[in-house]
Structure formats: C-alpha cells, structure tokens
Amino acid sequence: MAKGARVREQARVVREPLSDKALQGGLVVILLIFAVSIIYPLVYVVSASLSDASAVRSGEVVLFPVGFGFEAYQALFDSPVLLRSFLNSLGYSGAVILLGTSITMAAGYALSRKDLPFRRVLTFLIMLTMLFSGGMIPTYLLVQSLGLLNTPWAMVLPAAVSVWQLIITKAFFETTIPHELLESSRMDGANDFTFFFRIALPLSIPILAVNMLLYGVSTWNAYFNGLIYLTDESLYPMQLAMRNILVQNTFDATKLAEADPQKIAQMQEVAAKLKFALIVVSSIPPLIAYPFVQKHFVKGMMLGSVKG
C-alpha cells in the first residue's frame, strides 16, 4: 500500500501543469506559422515557374502548378545572356571564396597572435572601417583608377575581404588555438608558417566553412557592384540579369539563340513565369552548398562569436 501511494505521488509530481501544456501548444502553433511563412513562398515560386503563363497572370496558382510545363526553364537555358550570367556568377563566387577565405584566415590568425607588433592598433583601424567608409563615389573612382571597370576583377576584389568575418575569424583563433600549442610546436622545430598550415588551419575547419559559405552566398546574391562597375552584358552576374527582369520587367527576346518570330512570341508568352524560373535556378547553388557545411557553420559561428 505504501509503495503504491509513493508511485501515485511521484506520478502527480511528474505530471505537467496545464499552463505548461498550453505554453508548449502555443509555441508549436507559432513555429508552424513561422515554418509555413518560410516554406510557402518557396513552394509558390516553384509552382508558378511550372504553371501555365495565363494561370500565373490570372492568379490561379495558389499552391500546386496549374497547366504543368517546363517552357520557362527551356526559354531560360535557350538564352545565351542568362546562361552566361549564371556561369559568370559561379566564377565570381568561386574566385571570392578562394581569395576572400585565404585573406580572412591568414589575417584573422595574424591578429589573434599576441606577439604581433601593433596588434591593437591594426585591429582598431580595421574595425574602424565598419563604422566609416569612403562612400560609393570614392570607391567607384578607385576602381576606375585601378582599371577594373568592365572586368571580372570589379566583381572580385571589392568583395574580397569582409571586416565582420575577419573579426569573427580572429575571435575563433583566440578561443580555439591555445598559445601553449604554438610553444610546443616551436619546441619541435616548427616555424610560424608550418604551425599555421599544418596545425592551426586543420583545427579551424568550422570557421573555414563559415567564411566559404558567407563569401559564396554574399557574392552570389550581389548585384550592386555589377550594376555600377559593369556595362558589358557578357560580364553580368546572374543577379543583375535577374534584377533587370524582376525590377525593370524587361527581357529582349531577340537575344535568343534562334530569334524567329514564333520563338519570340513564345518567349513573350512565358515572360510572366520566367522570373519565377530565374529565382528557382539562382537559388539552387546555395541550397546545394549549405547542407554540406551546416554542421561546421553552426559550430564556427558559435565559437567565433564568444569574444572579439
């Protein structure tokens, strides 16, 4: 009897109060609404890109495709301008990932070393650029004076270093790579370059993944540098070509590979859903890359933001 009473007493203690259940239910509802608000626009864009053009214009597409077809994607890949801009964005993103990540990792490690001369002054001057900059016109004049206008380097060099990522990388090295590890490696005959490339860098995979992802996504989504530095359409990034369609709502159908009247009429018919196909295609590379670096991305951001 006494044992059964104790069991019933423990069950009463473990039982959740009604207010906790109500709170959990409310949180689940809020998270579901939040998830739907994120997922639905993506589903709608995909459905609109696969639907009939008249159904898209009339607003018949709500969740699932209406009049299934791949005309928008066919027209997209038949356009040499848009296909070239897609390849340009891949090239720009790859170059910024390699250059930006290399500079950020090297500079972040150097600034994390307490024996670096003028370390605090250099850090202050670098962080000062987060508050003050030369502005758009001086930057444009600098790019012009360097002869970078209408060259791929105009999309690469101005975006090669992010101060915010540099500070996060510096904080990561300070919290993850102890000074004792450097001293022990020196006792074994390793110099600074050997320590960085063979010890510090292999231990910094999380922050390396963070930098690669952030540089890649920011460059892939960027269009403003191309807007002010490029006038040659053969150098346009994907986002600038997509901007011309979404914002200016213009598309020159005569730039198709075979600009016959029938194909021009077909292109004008699918112009309403072409912009949705562009959004889908431009979203594919980040969606493919993120799952591979997600684990390292979360860990690198957490460790890199501990102190700075």
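The model is a predicted one. Its largest nonpolar core comprises 21 residues, and a further core of twelve residues lies apart from it.

**Largest nonpolar core**
- Within the core of 21 residues, those with the most contacts inside it are Tyr73, Leu76, Leu278 and Val281.
- Two or more residues of this core come from each of the elements α2 (18-50), α3 (53-58), α4 (71-78), α5 (80-112), α14 (238-246) and α16 (271-304), and α16 gives the most, with six residues.
- Both domain 1 (20-58) and domain 2 (71-305) contribute to this core, with at least three residues drawn from each.
- Leu76, when neighbours within four places in sequence are left aside, is in contact with Leu82, Leu274, Ala277, Leu278 and Val281.

- The separate core of twelve residues includes Met105, Phe172, Phe196 and Val210.
- Thr169 lies in helix α9, which covers residues 163-176, and Thr169 has a relative accessible area of 0%, so it counts as buried, the limit being under 20%.
- Not counting residues up to four places away in sequence, Thr169 touches Thr104, Met105, Gly108, Ile207 and Asn211.

**Annotated transmembrane spans**
- An unreviewed UniProt entry lists residues 21-43, 90-109, 121-141, 193-217 and 276-293 under "transmembrane region".
- For residues 21-43, the end C-alpha atoms lie 32 Å apart and the span is 100% helix and 0% strand.
- For residues 90-109, the end C-alpha atoms lie 28 Å apart, and this span is likewise 100% helix and 0% strand.

Terms used. Residues numbered from 1 in each chain as written. Predicted model: local features only at pLDDT ≥ 70, side-chain atom pairs only at ≥ 80, totals over all residues. Heavy atoms only, no water. Core = buried A, V, L, I, M, F, W, Y, C linked by side-chain atoms within 4.5 Å. Buried < 20%, exposed > 50% of the residue type's maximum accessible area, 1.4 Å probe, protein only. Helix = DSSP H or I, 4+ residues; strand = E, 2+ residues; numbered from the N terminus. Domains from an automatic or database assignment. Contact = heavy atoms within 4.5 Å. UniProt positions renumbered as here; feature names shortened; annotations may be inferred.
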